[in-house]
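This briefing covers a sheet, a helix, the nonpolar cores and the aromatic pairs. Please keep the sequence and the structure in view while reading.

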Amino acid sequence: MKFSKIGLILVPLLASCSQGDINSALSVKVKNSADGGSGDQIFEVSLPPQYSGWKLKQYPSEWIENSEGQAVLLGAASIAPGSSASLELMPPEQATNVNLQDRAHAELSVRTGGEWQDAVYSAEGFSFEEVTSFTSPPQLTDHSYFLRYEGPGWESDQMGYRLYLDWRNAIDVFVKANDSVVLPEVGQDGYDSYHNLSSWGGDALKVGKSLGVGALGRLTEQETQDSSTQTVMHFQHVETTQYQLVSNSQLRAEFEVGYEGWSSSDAKADSIDVTTHYRIDAFDPTTHISVSVSEPSDNIVAGLVAHDGMQVIKAERGEWGVVATWGTQSILADNDNLGLAVVYRLDQVEKVFEGEHDHLVLFKPLTALDYKILAVWPKRSSDVQTAKQFEDYLVNKLKMYNHPLTVSN
């Protein structure tokens, strides 16, 4: 999903000074709508070429290449709803990384030093190589012991996730105990060690037969002797699966997974090609997902695991809706709460309903889809300790999505 760019005004702080003085004291003025959300937000600033390399003085910022291939300044700030702020810029010779730490990361690592034995990769020890592109071999399946933690992983300073890069194609949650990038060390010491709570966090979600947190599936009719029931097919029928790292900077990480020939049955009557683009930003547990579909399909769903006894939360604000769950659905400890959510565009969704294993969001037959997922762990988020606080948190997020930061005229 393309992030809304923030507009800017270059404001001389010393209006009566010489041109040289002015160029050493400039700011970008930004505004948060009265209907916007509160909290840190990432934004993009397009600066004139003569300001290439300038950075925000008192806020995290870095230069990246955006989705259009343009060099932009990526920044982060918290501006109260209904307020604006002038964020001072400083020239490259003054810019340092004092306000910047690595807060976003995406990766995929493959095991080395062994060989395939049917559907299992057998090797002495666990040695992995990180790759920027990858095509799944046809024998890859669940528990093949070939991909470190079974697929791509991505994280912000708030939350981590992983995608099973096999027929399950479910999204799992890595809760984090601190702000540091941790994924490069996960699964290096025995492959399954991340299932236990450690100093960095752990794999918190029981996915089972569900789609986890917001992964895609195909809704199909399963015929029985007396009736038919709806079921969700994962990626049992796909010809080729490919991973590509897009970017991996300190405030943003992005990757894509492309599926060629994805169908809901062996007959391949509804075969389509799908590309999913994942983006995560610093200071936020949200993963922004954009989907490109080769042909419109009326049976694409995103699923949210439906554990028994969880409180279900639903809300709508502006262009966005959310379905979420709250309760003791973390498997890391007894009575360990976890909040999970899928956020969707109201105009892209046919209905939200209960499936066999998931809360399902059924998309309309479109060739481009945008949605978001997020998880919140109360042990890291002091202001989200109850279901009501989680609902308030989600409503605030919807406000952010509806009213991103803009120019202050």
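Two strands count as paired if DSSP finds at least two bridges between them. By that rule β14 pairs with strand β15 (residues 159–163): three bridges join the two, and they run antiparallel. The model is predicted.

- β14 and β15 form a hairpin, with two residues between the strands.
- Within this pairing, Trp-154 stands opposite Tyr-161 in β15.
- β14 is also joined to strand β8 (residues 104–107), by four bridges, and the two run antiparallel.
- There, Ala-104 stands opposite Ser-156 in β14.
- Gly-153 and Glu-155 point one way from β14, while Trp-154 and Ser-156 point the other way.
- All four of these β14 residues are buried.

**The nine-stranded sheet**

- Nine strands form an open sheet with antiparallel pairing, in the order β13-β20-β21-β22-β23-β30-β27-β26-β25.
- β13 (133–135) and β25 (311–317) stand at the edges. Each has a single partner strand, so one side of each is left without a neighbour in the sheet.
- From one strand to the next, the twist averages 15°.
- Strand β20 (residues 240–248) is joined to strand β21 (residues 252–262) by eight bridges, and these two run antiparallel.
- Thr-241 stands opposite Tyr-259 in β21.

**Nonpolar cores**

- The largest nonpolar core holds 85 residues. Tyr-161 and Phe-390 touch the most other members.
- Helix α2 (residues 387–402) gives this core its largest share, eight residues.
- A second, separate core has 15 residues, including Val-30, Val-45, Leu-56 and Leu-87.

**Helix α2**

- How far apart are the end C-alpha atoms of α2? They are 23 Å apart, which agrees with the 22 Å that 16 residues should span at 1.5 Å a residue.
- Among the buried residues of α2 are Ala-387, Phe-390, Tyr-393, Leu-394, Leu-398 and Tyr-401. Asn-396, Lys-397 and Asn-402 are buried too.
- The cover over the buried residues of α2 includes β3 (40–45), β25, β26 (320–327), β27 (338–345) and β30 (368–376).

**Aromatic pairs**

- The count comes to 20 aromatic pairs, taking ring centres within 6.5 Å.
- Tyr-121 and Phe-146 form a tilted pair, 4.9 Å centre to centre with 50° between the planes.
- Tyr-121 lies in strand β11 (residues 120–123) and Phe-146 in the loop between β13 and β14 (153–156), so the pair ties together parts that are 25 residues apart in sequence.
- Tyr-121 counts as buried because its relative accessibility is 8%, under the 20% cut-off. Phe-146, at 10%, also counts as buried.
- Phe-235 and Tyr-259 have ring centres 4.3 Å apart and planes at 40°, so this pair is tilted.
- Phe-235 lies in the loop between β19 (228–233) and β20, and Tyr-259 lies in strand β21, so the pair ties together parts that are 24 residues apart in sequence.
- Both Phe-235 and Tyr-259 are buried.

How values were computed
Residues numbered from 1 in each chain as written. Predicted model: local features only at pLDDT ≥ 70, side-chain atom pairs only at ≥ 80, totals over all residues. Heavy atoms only, no water. Core = buried A, V, L, I, M, F, W, Y, C linked by side-chain atoms within 4.5 Å. Buried < 20%, exposed > 50% of the residue type's maximum accessible area, 1.4 Å probe, protein only. Axes fitted to C-alpha atoms, helices over the stretch in contact; angles between N-to-C directions. Expected span 1.5 Å × (residues − 1). Contact = heavy atoms within 4.5 Å. Phe/Tyr/Trp six-rings, centres within 6.5 Å; stacked < 30°, edge-to-face > 60°.
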